[in-house]
Amino acid sequence: MALNAQLWQKLKEIEERYQALEKDLADPHILADGAAYKKKAKEHADLSEVVEAFAKYQRADRQIEESRQLLDDSDPEMAELARNELEEGKERLSAIEDTLHLLLLPKDPNDDKNVILEVRAGTGGEEAALFAADLFRMYLRFAERQGWKTEMLSSHESATGGFKEVIALIAGHGAYSQLKYESGVHRVQRVPATENQGRVHTSAVTVAVLPEAEEVEVDIKPDDLRIDVFRSSGPGGQHVNKTDSAVRITHLPTGLVVSCQDEKSQHKNKAKALKVLSARLYDKMLTEQQASEAAARKSQVGTGDRSERIRTYNFPQSRVSDHRIGLTLYKLEDIMDGDLSEMIPPLTAHFQAEALKSAAT
């Protein structure tokens, strides 16, 4: 048995808790209590993957012991078969053990949440704004591939049709767990549409991925808010409102300011602005908590620092490079169309490995 005694005991306790939950879920009294049933069903589902992996581990462990007993068999062929099965069993056991260690890592409580996605143009003027629009579309296409819903919360267009800033809600199970490593500076290298001499320019866009805050997590007091209304502004056209429907909300204790002007209704703009403000306050609270924790937590480099340059999109070479994990893919067109299937899993694996290192020290 490769697992240490402490870990084995923890897994046995999880197994017993899982079995107790199965009995509870069949109890008529709990079935009649919707809230209690929902809570226990979620816990049961959360434990199921660990319990299944532990069952596989125990089966593999028994098979190894059976193979060991056959090593001294008088039949040479049987003994050789046992040796091969023993080696295969050890490899299988080691892989399951790695899986168990990952599954037992403390789960990010925000992983199942929806996401507030904020994309802002950085250095590069109009070209940065155009790339902000391209990146925003990339994330919307990724969300569409996942079957998630999206809702525009706020946008500030540039003169050429890009975005100086755009904010959206992405709603879907596990959205934050998939997108949380996208926060940071995204750099683009390409020939801008406005460039006459064919020179490659470098521009930057900042992406922030915030977990959507629930009402119980962020307490916003009405007295802490200053709400101003004003007339929408923009490049022009039929969608620019001519009434004072745009809303700017200032959170006085923190100085955070959120404005929304996309809707023609002042009430809708206020509701959307409050949603963004709640997410930013929740993110601020989480950042302050993490900053006060031990150095082991701080070693998880790149998980949320929005000043860090994380990725470069090189259009002339059709290359996308993630600098945190040294990953380069020559699939720029597919990635910009929202196919992040070869980008997100390696990032998740990398940060899980970093978390395992931290847990081991």
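**Notes on serine 318 and the overall fold**

1. Let's start at one spot: serine 318 sits in the loop that links β9 (309-314) to β10 (319-322). Keep in mind that this is a predicted model.

2. What is the phi of serine 318? The angle is positive, about 50°, even though the residue is not a glycine. As background, most residues other than glycine have a negative phi.

3. Is serine 318 buried, exposed or partly exposed? Its relative accessibility is 29%. Buried would need under 20% and exposed over 50%, so serine 318 counts as partly exposed.

4. Stepping back to the whole protein, you'll find 10 helices and 11 strands. Of the contacts with a separation of 6 or more, 61% are between residues 24 or more positions apart.

5. Now for the overall dimensions. The protein has a radius of gyration of 26 Å, whereas a compact globule of 361 residues would come in near 21 Å. Along the principal axes, the C-alpha atoms fill a box of roughly 90 × 60 × 35 Å.

6. How much of the protein is buried? Buried residues account for 41% of the 361.

7. Last, the charges. There are 48 positive side chains and 61 negative ones in the protein. The centres of these two sets are 7 Å apart.

Methods:
Residues are numbered from 1 along each chain as its sequence is written. This is a predicted model: local features need pLDDT of at least 70, side-chain atom pairs count only at pLDDT 80 or more; totals for chains, interfaces and linings use all residues. Side-chain values use heavy atoms; hydrogens and water are left out. Helices (H or I, at least four residues) and strands (E, at least two) are DSSP runs, numbered from the N terminus. The radius of gyration is taken over C-alpha atoms; the globule rule is 2.2 Å times the number of residues to the power 0.38. Buried means under 20% relative accessible area, exposed over 50%, partly exposed in between (1.4 Å probe, protein chains only). Contact means heavy atoms within 4.5 Å. Lys and Arg count as positive and Asp and Glu as negative; His and the chain ends are not counted. The place of a charge is taken as NZ of Lys, CZ of Arg, CG of Asp or CD of Glu.
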